[in-house]
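Please look over the sequence and the model first, and then read on.

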Amino acid sequence: MKKAQIFGAIIASFFLSFGLTEVFNPVVHADSNKEIVFWNPFTGPDGTSMQKLVNEYNKTNPEYKVKNVSLTEADMYSKIPTIVNSKKGIPDLQIVHVERIKDYVNNGLLDNYNPYLDDFSDINKSNYVPEAWNNGAYKGKRYGVPLDIHTTFMYYNKALVKKYAPHALDDNIVTFDEIKAAGEKSQKDGITGIGLTWWKPNFLSLYGQLGGN
């Protein structure tokens, strides 16, 4: 079970994965070879929910029990490269945001699931949101299994939508084409739209478009 790499976990979210185990500040060890050390960035109400899930699982008297370790997101991600390089204290399981999968793989931080999936028939595409499942794979190998995916929502100005996109909400689905068309109409009146979404994907998108790697 102890390796120098971690099995991926993503999350479009978050995705779960099997992986690998000694954390410093404080150091966290598995109590035995029958325990899985699980790192995650759930420190709020989501942490309470995750701990409850872990407790319920451990009560089933499984062959491998789980030790839940909740860290702040920044702390977790800053520790992992150092720990993997030291080959000491690598967690068996970690939550990883989906946009970090590629970098994790390229830096040798993840093992893939391919050798094990045949033994778990329920872990397959039909049981997950397609986009979440697809993002768990990289270069033909699966590095993450979805845990959750964020809810998407949108605020809008009723007066502006009525004027520039009067039928966009008729089917309760707003498409990118409808947003683009509304923006083109509003620009004729000197009103320019700008996307206000999660800053990280915006930054990564612009960084990539400008040649960043």
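## A charged network

In this predicted model, E73 counts as partly exposed, because its relative accessibility is 31%. The side chain of E73 meets that of K200 in a salt bridge, with 3.6 Å from N to O. K200 lies in helix 7 and E73 in helix 2 (residues 73-86), so this pair ties together parts that are 127 residues apart in sequence. K200 itself counts as buried, at 13% relative accessibility, and E73, E99 and K200 are linked in a network of salt bridges.

## Other salt bridges

The structure holds six salt bridges, and one of them joins D75 to K79 at 3.7 Å, N to O. D75 is partly exposed at 28% relative accessibility, whereas K79 is buried at 5%.

E63 forms a salt bridge with K34, and the closest N and O atoms of this pair are 2.7 Å apart. E63 is exposed, with a relative accessible area of 55%, while K34 is partly exposed at 39%.

## A nonpolar surface patch

W198, W199, F203, L204 and Y207 form a nonpolar patch on the surface, and together they have about 580 Å² of accessible area. F203 lies in helix 7 (residues 199-209) and is partly exposed at 46% relative accessibility.

## Confidence

The protein chain averages a pLDDT of 84, and 85% of the residues score at least 70. Over residues 10-27 the pLDDT is below 50, although this stretch has 114 contacts in the model beyond near neighbours in sequence. Where pLDDT is low, the predicted coordinates should not be read in detail.

How values were computed: Residues numbered from 1 in each chain as written. Predicted model: local features only at pLDDT ≥ 70, side-chain atom pairs only at ≥ 80, totals over all residues. Heavy atoms only, no water. Patch = residues over 30% accessible without salt bridge, like charges linked within 9 Å, V, L, I, M, F, W, Y side chains within 5 Å. Areas by Shrake-Rupley, 256 points an atom, 1.4 Å probe, with all protein chains shown as cover. Salt bridge = Lys/Arg side-chain N within 4 Å of Asp/Glu carboxyl O. Helix = DSSP H or I, 4+ residues; strand = E, 2+ residues; numbered from the N terminus. Buried < 20%, exposed > 50% of the residue type's maximum accessible area, 1.4 Å probe, protein only. pLDDT = per-residue confidence, 0-100. Contact = heavy atoms within 4.5 Å.
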